[in-house]
Amino acid sequence: MTAPPAFPTQALGGRTRLRNVLLNHASLVLLGLVFTVFGVLAPRFFAFENLENILVQSSVLLMGAVGMTFVLLAAQIDLSVGSMMFLAAVPAGKLVLGGHSAGVALGAAVGVALVYGLLNALVVVKLRVAAFIVTLATLYIGRGLGLYITQTRAMNLPESLLAVGTTRVVGLPLPLVAALVVVALGHYTLSSTPYGRQLYAVGQDAEGARKAGLPVQRIRASVFLVSAVCAGLAGFVTIARVGVVSPTMGSQRELAMIAAAVLGGTSLFGGRGQVFPGTVVGALLIQTVETGLVILNVDPYLYPLFTAGIIFVAVAIDSLRNLERAKQSLRKIRPLGLPKPR
């Protein structure tokens, strides 16, 4: 089992080849189109400060989307990521307010998220409950616990934590560096390790992977832990950037993370996808749209409509990819002597 296959573009007719190229690079085409439209409507969109702002703001979404890519590759789903970010940030914020260092707060955020992810993994794997149901339930459990602990009040954090969030490493903002590290680790794991190859195998054909001796349930459990670690990091980076733990923190971000992964080519049905460049481009596309709407002063009440549009496009592209893949598979097994289907 190797990296996610792309549609072939060689030895095909002109229309089929063009369609395959567009499906292979749909997210890049959309990103270029979005950049062009916002650049024409608001020339300051191309200012260096704005481009850097897009990269920094996309760091949190990118970290969560990398974890979501692992989950989707295993043909699972995790709807609790947004609540996990919030619940991980609550103890981290309280520790910082209590005078503890940012490192201790980061450890607490990741630790709480890991426990959260372990709960998801155990229920999905041991009790054989659908991941959609389990993570939908833990979404509300996490949000409810966080609101109970904070009494639905925002926690304003000290300047010392904000200083961490605005630190630069080799000239780059720390949140962006953290996101790049997560992307590099995720890409390496999927493309160059036995675990990555086993994950693709489980996502494409779980029964076949089981017969081949792969620990299917253990691999399925592991993706929820990967997602949890990414969510914990994302939660800490969020509070380090904005300096506050808000009751609405992470709300509905799980949908944006799923959309980022799917726009980048990860299949909702598992076994196909990649962190780089796929999920990276998907996350940049979503953040570019959100930032562009702010620059154009679009009514904030309309933002959910644009978010819904992005998710619709992501699902539509994934469906087109699957339909085209099925169509081309049928062509490959067409018996000799039969005419080509029109």
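Helix α2 covers residues 26-41, and at 1.5 Å a residue its 16 residues should span 22 Å; the expected span is 1.5 Å times one less than the number of residues. The end C-alpha atoms of α2 are 23 Å apart, which agrees. Helices (H or I, at least four residues) and strands (E, at least two) are DSSP runs, numbered from the N terminus. The model is predicted: local features need pLDDT of at least 70 and side-chain atom pairs count only at pLDDT 80 or more, while totals for chains, interfaces and linings use all residues. Residues are numbered from 1 along each chain as its sequence is written, and side-chain values use heavy atoms, with hydrogens and water left out.

The buried residues of α2 are A26, S27, L31, V34, F38 and G39. Buried means under 20% relative accessible area, exposed means over 50%, and partly exposed lies in between (1.4 Å probe, protein chains only). T238, in helix α11 (residues 216-242), is also buried, with a relative accessible area of 14%. Leaving aside residues up to four places away in sequence, T238 touches V60, M85, G243 and M249; contact means heavy atoms within 4.5 Å.

Next comes a pair of helices. Helix α8 (residues 174-192) packs against helix α13 (residues 275-295) at an angle of about 140 degrees, with the axes 9 Å apart. That makes α8 oblique to α13. Axes are lines fitted to C-alpha atoms, for helices over the stretch in contact, and angles run from 0 to 180 degrees between N-to-C directions. Angles under 35 degrees count as roughly parallel, over 145 as roughly antiparallel, 65 to 115 as roughly perpendicular and the rest as oblique. On the α8 side the contact is made by V183, G186, H187 and L190, and on the α13 side by V275, F276 and V280.

The structure holds three salt bridges, each a side-chain nitrogen of Lys or Arg within 4 Å of a carboxyl oxygen of Asp or Glu. In one of them, R168 meets E52 at 3.0 Å, N to O. R168 lies in strand β2 (residues 168-169) and E52 in helix α3 (residues 48-73), so the pair ties together parts that are 116 residues apart in sequence. R168 is partly exposed at 44%, and E52 is partly exposed at 22%.

R253 and E290 meet at 3.2 Å, N to O. This pair links distant parts of the chain, with R253 in helix α12 (residues 253-263) and E290 in helix α13, 37 residues apart. By contrast, E207 and R210, which meet at 2.5 Å, both lie in helix α10 (residues 206-211), three residues apart, about one turn of the helix.
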